[in-house]
Amino acid sequence: MVIVRNSVITLHTLLKKRYFHFLCSAWLAISFLSMAHMSHAQPNPDIKLVLQITVDGLRADLLNRYQASFVEGGFQYLQQNGTVYANAHYLHANTETIVGHTTLSTGAHPAMHGMVGNVMLDKAAGELTYNIEDPDAPLLPTREDVISGEQVDPTQNLARTKGRSPKAILVPTFADGLVAFYGGKPKVFGVSGKDRGAVAMAGHSGKAFWYSTDNGDFITSRYYYDKYPNWVKAWNAQRKAEKFSGGKWALSAAKSSYLLADQDDRPYEVDLRGYGRTFPHQFGGENSKLLYTQLLVSPVGDQLIADFAKTLIDSENLGKNTVPDYLSVSFSSVDATNHFFGPSSLENEEVVRQLDRTLADLFNFVDKSVGLKHTLIVLSADHGMADLPEYMSELGYAAGRLDPDEIVATANKIGQQLGIDEVVHFFFRPYLYLNDDKIAAAKLNHVDVEQAIANALTDFEGINLAVSTSKLAIEQGGPLHEQVRHNHHQARSGDIYVIQEPYWFLFDEGPIAAMHGSPWRYDTHVPIMFAGGDIKANKIHRLVHPIDVAPTITSFLGLSPPAAAQGNPLVEVLE
Ligand SMILES: [Zn+2]
């Protein structure tokens with residue numbers, strides 16, 4: 001509308017100068033062009049801040065289950081003022097955190113952006129590696145007296161160093177494109193409870209901060225900074241996380257007000273050594289090695305992330321620039337809570353209820369600081385979540401857990417039949433990596449070995465399909481093959497992709513209870529919501545995909561899509 005209005009003003013002004021005939025046709029031409037363009041995106045000069053929220057592990061249907069408990073201004077702000085996509089599904093097979101976040105930020109499949117799993121093969125080193133590990137970008141310490149917390153994330157335990165950077169992300173992100181488009185002017189930040197949730201979204205040009213489970217500080221690496229900005233030092237000096245030591249996570253309302261009130265004490269939930277299976281959960285003391293992990297497994301984690309994000313908005317003057325700034329906030333407590341108690345637990349209901357309040361508070365802050373009208377808010381999730389196999393068995397489903405050692409033993413047995421001793425190099429779900437040297441030494445065809453093992457694993461109870469990834473290039477296959485293909489990167493993926501049956505897990509009982517990472521619908525289903533500017537309230541039931549998110553943001557702002565984006569702009573956001 002702006003362009004048409006300007007044209008009219010120009011016409012009136014110039015009419016006085018009697019250039020009527022020329023201008024009449026020029027005006028028509030301009031108006032026509034404007035109208036033609038209006039059906040597409042216009043650069044949106046009113047947007048000062050792009051706030052991209054990712055709720056780690058928020059399966060889309062959980063919002064429907066807890067809808068009645070939401071307050072004004074949180075999820076409801078997006079639902080009542082924004083365009084909501086009710087059927088958004090990832091198209092890749094390995095629905096894990098780094099994979100989903102990078103798909104959201106780049107608009108590309110993992111086959112293209114290269115982040116095929118939380119754990120990937122480093123071909124040069126011949127070892128498995130943690131996704132954003134970078135020995136050249138060591139962590140920037142915040143204090144001298146760091147107590148090293150106990151690491152319960154098994155993927156983090158595979159990292160050889162504490163260095164982190166976005167170097168392994170092979171293609172540009174939306175935020176990278178924003179910075180390039182506006183000549184370096186936009187300020188770009190990523191904040192999360194997890195390193196990978198921050199780094200994947202900040203891209204190569206932005207700055208990332210994440211929560212440390214060692215000490216509750218927000219930390220970064222030398223990729224981003226040589227020393228901490230003063231406002232970060234000041235935030236960390238307040239030791240906001242430590243104040244919860246010795247405290248409790250209690251329900252915020254009467255137990256009877258919860259839909260899942262009777263889903264608290266379930267024998268298959270995991271007690272994080274003293275944290276307990278039931279409310280109230282007891283936080284560790286000051287010197288506890290698990291205190292800062294426990295805070296993440298409670299609403300406190302998300303509250304700390306939001307508090308840090310608000311301080312960042314204020315201190316870095318986000319939304320006060322001549323061009324749009326970008327802030328990604330990835331909330332981690334829903335995922336963490338799901339892993340220990342499952343997505344159909346009372347803990348899950350409480351943590352989502354509290355996240356809703358945290359979002360309402362954050363949106364209220366953004367409204368006062370930038371104005372919600374001037375803020376494009378995009379909310380999604382990096383993956384969904386499976387319910388616990390034990391819970392699903394109780395309900396009559398066929399469900400179970402697979403022992404990774406048995407998978408490896410089965411594969412090695414096939415190898416032995418072919419004359420190779422210990423053919424498996426590594427197994428880290430979902431990929432099985434074979435020992436290329438041994439296969440070559442035995443003068444066997446690699447694809448034939450892969451296929452023989454894949455056939456044997458497909459017959460295994462609890463495994464739906466094992467795919468020889470070498471065969472993907474030459475065979476069409478079915479929908480599951482397509483999801484594995486979207487996940488396949490030549491240098492990083494393994495030789496055989498193992499897909500469990502629905503509600504089966506590729507790990508045994510252990511330190512965590514529930515898992516995501518499958519290609520099944522409960523793991524691929526995530527919310528996608530857009531609000532701000534002139535976006536209308538709308539609920540769309542058409543099937544869409546998280547690869548569409550980055551191209552939609554770029555269309556909304558009038559930029560080209562990120563270089564490797566494979567999704568399409570969601571037209572309802574742009575109309
Ligand atoms: Zn995740």
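Tutor: Two strands count as a pair if DSSP finds at least two bridges between them. Keep that cut-off in mind as we look at this predicted model.

Student: Happy to. What makes E15 and strand E17 a pair?

Tutor: E15 and strand E17 (residues 496–500) share two bridges, and at least two are required, so they pair. The sense is antiparallel, and Leu432 stands opposite Ile496 in E17.

Student: How do you know that strand E14 pairs with E15?

Tutor: Four bridges join strand E14 (residues 424–428) to E15, and the two run antiparallel. The requirement is at least two bridges, so this is a pair as well. Phe428 faces Tyr431 in E15, and a hairpin of two residues links E14 to E15.

Student: Why are both faces of strand E15 called covered?

Tutor: Tyr431 and Tyr433 on one side are buried, and so are Leu432 and Leu434 on the other. Buried means a relative accessible area under 20%, so residues on each side of E15 fall below that cut-off. In general, side chains in a regular strand alternate between the two faces of the sheet.

Student: What makes strand E11 mostly covered?

Tutor: Seven of the seven residues of strand E11 (residues 325–331) are buried. Asp325, Leu327, Val329 and Phe331 lie on one side, with Tyr326, Ser328 and Ser330 on the other.

Student: Which strands pair with E11, and in what sense?

Tutor: E1 joins E11 through seven bridges, running parallel, with Leu49 opposite Asp325. Strand E6 (residues 188–192) also pairs with E11 in the parallel sense, over five bridges, and there Gly190 has Ser328 as its bridge partner.

Student: What is the order of the open sheet of ten strands?

Tutor: The order is E5-E8-E7-E6-E11-E1-E12-E19-E2-E20, with mixed pairing.

Student: Why are strand E5 and strand E20 called edge strands?

Tutor: Strand E5 (139–140) and strand E20 (538–540) each pair on one side only.

Student: Where does the sheet have an antiparallel pair joined by five bridges?

Tutor: Between strand E2 (residues 83–89) and strand E19 (residues 525–531). Thr83 has Phe530 as its bridge partner in E19.

Student: On to the metal. How do you know which residues are the protein donors of the zinc ion?

Tutor: A donor is an N, O or S atom within 2.8 Å of this metal. Asp56 (OD), Thr97 (OG1), Asp382 (OD) and His383 (NE2) lie 2.0 to 2.2 Å from the zinc ion, so they qualify. Their spacing along the chain is D-x40-T-x284-D-H. Asp56 sits in the loop between strand E1 (49–55) and helix H3 (60–65), and Thr97 in helix H5 (residues 97–106), so this pair ties together parts 41 residues apart in sequence. Asp56 and Thr97 are both buried.

Student: Why is the arrangement around the zinc ion called tetrahedral?

Tutor: The four donor atoms subtend angles of 95 to 135°. Four donors count as tetrahedral if all angles lie between 85 and 135 degrees, so the label applies. For four tetrahedral donors the ideal angle is 109.5 degrees.

Student: One last residue. Why is Ser344 called buried?

Tutor: Ser344 has a relative accessible area of 2%; the cut-off is under 20%, so Ser344 is buried. Ser344 lies in the loop between helix H12 (333–341) and helix H13 (346–369).

Methods:
Residues are numbered from 1 along each chain as its sequence is written. This is a predicted model: local features need pLDDT of at least 70, side-chain atom pairs count only at pLDDT 80 or more; totals for chains, interfaces and linings use all residues. Side-chain values use heavy atoms; hydrogens and water are left out. Donors are N, O and S atoms within 2.8 Å of the metal (3.2 Å for Na, K and Ca); water is not among the atoms, so sites may look incomplete. Four donors count as tetrahedral if all angles lie between 85 and 135 degrees; four count as square planar and six as octahedral if opposite donors are over 155 degrees apart and all others between 65 and 115; anything else is irregular. Buried means under 20% relative accessible area, exposed over 50%, partly exposed in between (1.4 Å probe, protein chains only).
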